[in-house]
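Visitor: I am new to this structure. Please show me how to read it, feature by feature.

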Amino acid sequence: MIVDGVVYAPIWGAEPAVEMYNHLLIGTDGAYYGFATLCAQAGPDRCALASNGSTADSILEEIRVLIQVLYDPYGDLDESLARSSSIRLYIFLRLQDPRSWPTLAHYLKSQQDLVNSQDDEEKLLPLQAVTETYDEFHSEKSLKQDTQIWQQDFYSNYWSIFCSDGPEYDGTSTRDVFDTVVEARKLSDTFGPMWPTEGGWPCHHWRTRAVERVTHFSVKPKHPVLILSNQYDPVTSIENGYRILKNIFAEGDAGLGIREGYGHCSYSTKSSCLTNVIQNYVRNWTLPEDKMKPCPINEDLFPQAD
């Protein structure tokens, strides 16, 4: 069995569901910093957010300012502008798909240009750029990928499993959920304030419990298990893989295949090295060595435009 993009299993069946959201944010800022780092390295010819002399920190500061400017608690901003919550969500979603990072940079730059426009004429080009990037984000290919996670009926199915498989939630309150979001800011100042996009935040209202629940996770598998992760997964941190190896499987029953870089799940960028790891496992159950050197990627995430 191969498991890619893992969550630490006891979170589902033995720990309070309200804590799930914060487990998802462990690697998010690392991926976010990676986006800014690669953008700065690519320069203005390949990354719209970069300028001559840009650094990862300067790019992140410009985005922070944009998010602050677009904070609109009273509905006073121009209708042509995005809102800060939308900017946070777009970034969070696109961190999972590094191939979309050039488009994400273009989108953020167009929002910066809109904010800085002085009149309707100056808004024309930024508005066109916003439309182009929006269309690309919502292309058939992009929507097909995103709706695997974000379709409207996903959450009712997700919660019915997550909440029913979890422990009783006596004592958990909605206040605990809000406190979790406050705590999330310590993990990520940019993405922590978002209302939990996953996790079991409504589970304390869920009365039904599964008749049979998995509560014991240290079961010897029939065959060794291959776990895959990349170094900076923004939603399923590699720390989950390490915890699984340490706490669930006996030595030799599982191995962790690691890829350099970013994105959600190992297939989010190409790596011939990791492909070899998978092929060796499929052929004869060969696991990667303990503390393997992360596999390099074979893809430029900010390629030169054609």
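Visitor: How many aromatic pairs does the count come to?

Guide: This is a predicted model. The count comes to eight aromatic pairs. Take tyrosine 281 and tryptophan 285. Their ring centres are 5.5 Å apart, with 85° between the planes. Planes over 60 degrees apart count as edge-to-face, and that is the label for this pair.

Visitor: Which residues do ring pairs link into a cluster?

Guide: The cluster holds Phe35, Trp101, Tyr232, Tyr262 and Phe302.

Visitor: Is tyrosine 281 buried or exposed? And tryptophan 285, where is that found?

Guide: Use the cut-off: under 20% relative accessible area is buried, and over 50% is exposed. Tyrosine 281 has 3%, so tyrosine 281 is buried. Tryptophan 285 is in the segment after α12 (272-284). Its relative accessibility is 38%, so tryptophan 285 counts as partly exposed.

Visitor: What is the phi of tryptophan 285 near?

Guide: Phi of tryptophan 285 is near 65°, a positive value in a residue other than glycine. Lysine 291 is another such case, with phi near 55°. Lysine 291 also lies in the segment after α12. At 84% relative accessible area, lysine 291 is exposed. For a glycine with positive phi, look at glycine 43, which follows α3. Its phi is near 80°.

Visitor: Where does the charged end of arginine 243 sit?

Guide: Over the ring of tyrosine 8, at 3.8 Å from the ring centre.

Visitor: Now the inside. Which residues touch the most other members of the largest nonpolar core?

Guide: Start with the general idea. In soluble globular proteins, nonpolar side chains tend to be buried together. Here the largest nonpolar core has 40 residues. Phe35, Leu49, Ile63, Ile91, Leu108 and Phe302 touch the most other members. At least two residues of this core come from each of α3 (28-42), α4 (56-69), α5 (84-95) and α6. α3 gives the most, with seven residues. Domain 2 (13-25 + 149-205) and domain 3 (27-144) both contribute residues, so this core lies between them.

Visitor: What does isoleucine 63 touch, not counting residues up to four places away in sequence?

Guide: Isoleucine 63 touches Tyr32, Phe35, Leu49, Ile91, Leu108 and Gln112. There is also a second, separate core, with 29 residues. Among them are Tyr8, Ile11, Tyr169 and Ile258.

Visitor: How far apart should the ends of α3 be, at 1.5 Å a residue?

Guide: Its 15 residues should span 21 Å. The end C-alpha atoms are 21 Å apart, which agrees.

Visitor: Which residues of α3 are buried?

Guide: First, a rule for reading any α-helix. With 3.6 residues a turn, residues three or four places apart point the same way. In α3 the buried residues are Thr28, Ala31, Tyr32, Gly34, Phe35, Ala36, Cys39, Ala40 and Ala42. They pack against α4, α5, α6, β2 (225-232) and β3 (254-262).

Visitor: How many residues does α6 have, and how far does it reach?

Guide: Helix α6 covers residues 101-116, which is 16 residues. From first C-alpha to last, α6 reaches 23 Å, close to the 22 Å expected. Its buried residues include Trp101, Leu104, Leu108, Ser110 and Gln112.

Visitor: Where is leucine 70 found?

Guide: Leucine 70 is in the loop between α4 and α5. Its relative accessible area is 0%, so leucine 70 is buried. Not counting residues up to four places away in sequence, leucine 70 touches Leu77, Leu81, Ala82, Arg83, Ser84, Ile87, Gln111 and Val115.

Visitor: How far apart are leucine 70 and asparagine 280?

Guide: In sequence, 210 residues. In space, 50 Å from C-alpha to C-alpha.

How values were computed. Residues numbered from 1 in each chain as written. Predicted model: local features only at pLDDT ≥ 70, side-chain atom pairs only at ≥ 80, totals over all residues. Heavy atoms only, no water. Helix = DSSP H or I, 4+ residues; strand = E, 2+ residues; numbered from the N terminus. Expected span 1.5 Å × (residues − 1). Buried < 20%, exposed > 50% of the residue type's maximum accessible area, 1.4 Å probe, protein only. Core = buried A, V, L, I, M, F, W, Y, C linked by side-chain atoms within 4.5 Å. Domains from an automatic or database assignment. Contact = heavy atoms within 4.5 Å. Phe/Tyr/Trp six-rings, centres within 6.5 Å; stacked < 30°, edge-to-face > 60°. Lys NZ or Arg CZ within 6 Å of the ring centre and 35° of its normal.
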